[in-house]
Amino acid sequence: MKKSKVLVGLFLAIAVFFTFSGCGDNGEKDSIKVGIVLPLTGKLAKFGEIENKSFLMAVDEINAAGGVNGKQIELIIEDTTGKPDVGRSAIEKLITQDKVVMLGGGYSSSVTWATIAVAQQNKTPFLVNTGSADKITEQGWNYIFRLNPPVSEYPGAFESFLKTVGTDVKTVVILHENSLFGQSGSKKFAKQCEALGLKVIMKEGYEAGAIDFRPLLVNVKSKKPDVIYMISYIMDASLLMRQSKQLNMNPKLFVGGAAGFTLPEFYKNAGTASEYVYSATLWTPSVPYPGAREYYDKFVKKYNTPTEYHGAEAYSAMYVIADVLKRTKSMSRDDIRNALAETNMMTAFGPVKFISYDKKVNQNKLPTFLVQWIDGKLETVWPKEVATKGYVYPAPKWNKR
Amino acid sequence: MKKIAPLILLIILIIFPLVIQNAYYQHLMILVLMWVVIGSGWNVIAGYTGQVSFGDAAFFGTGAYTAGILAYHFHISAWWGMAFGGIMAMGVAFPFGWICFRLRGAYFALASLALNEVCRHIATVAEPLTQGMVGILIMPSFLSKIPYYYIALALAVLSVGFVQIVMHSKWGYYFLSIREDQDAAESLGINTHHYKMVSLNIAAFLTGMAGALFMNYMGFIDPSVVFSLHDISIMAILVGIVGGVGTIFGPVVGAFVMVAVHEFFRTGFFGLFKGLAALTGSDFLIVAAKYISQAHVLGFGILVVLVILLLPNGIVGDWKKIVDKLFPFKKKGVST
Amino acid sequence: MEVFLQTLVAGILKGGLYGLIGMGMSLIMGVMGIINLAHGQLMMVGMYITFLLSHYLGIDPYLSLFVSMPALFLLGVAIQKYTLNPLMEVDSILPENQVLMTVGIGMVLTEITRFIFSSDYKSVQTSYSNATFFLGEISFSIALVIAFFIAILFTLFMFWFLLKTDVGRSIRATAQDKDAALLMGVNSKRITIITFGLGSALVAAAGTLLMPIYYLFPDIGGPFTRKAFVITILGGLGSTVGAIFGGITLGLAEAFGATYIGMAYDDMIGLIIFILVLLFLPGGFKRLTKI
């Protein structure tokens, strides 16, 4: 008797759920649905928020200007919570239940990596705008496109800087967090150092969230490297710099591999320890692309908080999506995919054209930049043509500032 | 009635994917079935034998990685991982149990927690083997969910059936005696160490198979996903306890409830609020919907607290209590 | 040599803080026998209180000790009284429901905090956050040194408290044998409530001391709970002095592991020591001392 009551209860519950889920996203009948996956909660929520706001700002602008051929774009944003398996469920829901015509977003390499397989299998075009591990576009999957450069190209500007200015740099230490971003980025950079003739004397990973990097740093210090290259998210980056200062460690250059090092919070948390730290970056408000500066100012005005390259990626991705939807022959996923492949436009993030090179397909190729924290502001210092300020090299020692 | 009910449930489960075509719900049910397997396994070692383990993820992850490594490095279909996954998980359970079963209660639980974390760390740094945080990605064998559903269903039925058989056998009695009073059992001549090992290995085997299924179905794993303390180990415990510790069908109910509740909260009551908001145009409901989806983990946590406070023996274990509370006028005769 | 000494210093100083984190849990586990999986979250709450005081009222973290500790004491008391004590009455098959309750509480605490503060990283910058002094080539972080001494202070205080005061002795009695203590007239319900409050207050202190040199976000609790276990087991349940030794041991193990084996492994080293101690020194360091 007990068990049948359990079952009856269960079936009632199931029935209720199914009924109500039906009246969920009815939305507007005449809109085009685009699915976006972002980490809105969880550890990566901060970046997810910036991208979310950027997407919303862009889609509002686009819809206000008439949408796509008269139809409004409706963004359905799903929370991946920063976990690959949740991301997978989210993408499946978007594809099968919400029946979106295409996908966007993709923050965090590991989550993106897990979700693109689903998109490819379901033949749904996916425009990745942040996940940077190289292999995302190295699978030969024709439904996956990437707006942003892969992590191996992040240090591009830094390398040209070394070739021209930092010619006396001979040894490198690479520190990276143990995530997909850190592990793959560090491997690529190590290879590139070898190609440049630099010696990688130490390459170490660490678990993000460590309290005390000093044992690691004192080890690094004893090896007296010329350059310390760090791939970290924001808080580890701040601690690394603060503790390097406390240990009075003075390589010729501290260089960050974007991510944590270019956020305004880095300066807030690291304070004076952030001074003269370089970083690779994909975008700053001062890049010579139309709309870059305006995007930054609009965002700050609307949300009262700064934005950075992740936001620019999202903002531009939205414009690319709108452009694709305008050009596509029909709303079938294959036509959209073809329209996506033919993209050739300029955005606030830079020019967008998907090409194939090396092992990659459907990858947008963009130059990267080198920035440096000078007087608490993030200045573009290389290439010279777009620099907002001259670089400071070599940085003066800690106790001489 | 008692005998027929499970059969009815089974029939419904069998025809489920043919009736409900929506891939999203099929996905949820596959997860439910997977958790039935894991929950049953946990129930054996914890519910019946009284050794609460916080480290089920160690077995789960081992099973998942076995399948993944077979596919990635040896190019053997990951389905072989289903069989080997369970065996490899036993390979982890065996030395662990051998060494750590001398610990009791809380200490054992902590040791299992440590095992969980050690496995996770090893998976993260042993890059040549496990690809570290890059994870292992394989293309799922089937596009449709239906084959996965039936495999999961078969696995779940096997697990529950197996646990049923074990618990009605002599082993079952030994397990229970260890749970009730290990020293008394020992003094009666029961080799408690031996039976604890058996119990643990059963749990490990089932959980390992579930892990391999996960690898095959999800197509992507990495250390933080499959060795996760919160998402796997603690979820397993919740499935067991919410469902009903020490009952055969506890894990079944628990799996369904936990997955449903989790997804329920994540999607804001399956869009109930959004739907109501659209119907009524109420601003309050729209804002409420937004907050509920943001606070989905909070809701989940509160639910856990409430369930443990009010239904300490789980839904199946405390079923009488629930019935009495909900239908107070249905009291027939003397209640116990 | 410099590397060795610097690592040693780093380990010991960090260990003092660890000891404080572990002390609270050791007390709770020793007296009630329950595993408090919300320990890290309690610390997190203490840290948010410190942050609020610093950010909005400009109060220095060291002063906010006087606020965060009592606040967490009350929170701990409330948790024990309303959620954990009732569980002890209920007849359930497994005693581990208490542990799960702490999991639920930890989740609730984390999410409420996330709700209020969002997932942003917060930090408190003080004049001494980055200050260091040098003995030769070895750098000492002033904030960590102060934290270390305060941790020692607390240890001595707890030592005296448990040894000399009535409440303290009741706590030890309950820890040793709850039923016997009941027979001796100890109100064990009240004692458990006080103990949980004390444990929470101690970990809040650790959090407050950690604020100047670390950062804060809602999910910060988990790893600290794990470390607290290791320290508790190392030191022996219920032993506050043991906790300090456990903390320093863990700090040294992590530091030397990071330097000589690799930073990726430092967590694992702690775990392996944990398992070894569980197996070979089941009472922890407590075995070697009296309390």
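Predicted model: local features only at pLDDT ≥ 70, side-chain atom pairs only at ≥ 80, totals over all residues.
**Salt bridges, an interface and buried helices**

At 45% relative accessibility, A:Lys365 counts as partly exposed. A:Lys365 forms a salt bridge with A:Glu153, and the closest N and O atoms of the two lie 4.0 Å apart. This pair joins distant parts of the chain, 212 residues apart: A:Lys365 belongs to the loop between strand E13 (360–364) and strand E14 (369–374) of chain A, while A:Glu153 belongs to the loop between strand E5 (144–146) and helix H5 (156–164) of chain A. A:Glu153 has a relative accessibility of 17% and counts as buried, because buried means under 20%.

Over all chains, the count comes to 24 salt bridges. One of them is formed by the side chains of A:Lys298 and A:Glu61, at 3.1 Å from N to O. Here too distant parts of the chain are linked, since A:Lys298 lies in helix H10 (residues 292–303) of chain A and A:Glu61 in helix H2 of chain A, 237 residues apart. A:Lys298 is partly exposed at 36% relative accessibility, and A:Glu61 is partly exposed with a relative accessible area of 22%.

Another salt bridge lies within a helix. A:Glu92 and A:Arg88 form a salt bridge in which the closest N and O atoms are 3.5 Å apart. Because A:Glu92 and A:Arg88 are four residues apart in helix H3 (residues 84–97) of chain A, about one helical turn separates them. A:Glu92 counts as buried at 10% relative accessibility, and A:Arg88 is buried with a relative accessible area of 5%. Elsewhere in chain A, a network of salt bridges links A:Asp134, A:Glu138, A:Lys188 and A:Lys360.

The next topic is the interface of chain A and chain C. In this interface, 32 residues of chain A are in contact with 35 residues of chain C. About 2900 Å² is buried between the two chains, and carbon and sulfur atoms give 58% of that area. On the side of chain A, the residues that lose the most area to chain C are A:Ile211, A:Met235 and A:Gln246, together 22% of what that side buries. Between chain A and chain C there are zero salt bridges, but seven residue pairs are in polar contact across the interface. Helix H2 (45–64), strand E7 (199–206), helix H7 (214–223), helix H8 (234–246) and helix H9 (264–270) of chain A each supply at least two residues of the side that touches chain C. Of these, H7(A) gives the most, with seven residues. The residues of this side divide into 13 nonpolar, nine polar and ten charged.

Helix H4 (residues 80–100) of chain B has 21 residues, which at 1.5 Å a residue should span 30 Å; its end C-alpha atoms are 30 Å apart, so the two values agree. Its buried residues include B:Gly81, B:Gly85, B:Ala89 and B:Phe96. Among the elements covering the buried residues of H4(B) are helix H3 (56–73) and helix H7 (146–167) of chain B, together with helix H11 (266–280) of chain C.

Two single residues complete the picture. B:Ser40 lies in helix H2 (residues 23–48) of chain B and is buried, with a relative accessible area of 2%. Leaving out residues up to four places away in sequence, B:Ser40 touches B:Trp35, B:Ser159, B:Val160, B:Val163 and B:Pro251. In chain C, C:Gln41 is found in helix H2 (residues 39–57) and counts as buried at 10% relative accessibility.

Note on methods:
Residues numbered from 1 in each chain as written. Chains lettered and ligands numbered in written order. Heavy atoms only, no water. Buried < 20%, exposed > 50% of the residue type's maximum accessible area, 1.4 Å probe, protein only. Contact = heavy atoms within 4.5 Å. Buried area = accessible area lost by both parts, 1.4 Å probe. Polar contact = N/O pair within 3.5 Å; in protein donor to acceptor, adjacent residues only side chain to side chain. Nonpolar A, V, L, I, M, F, W, Y, C, P; charged D, E, K, R; others polar. Expected span 1.5 Å × (residues − 1).
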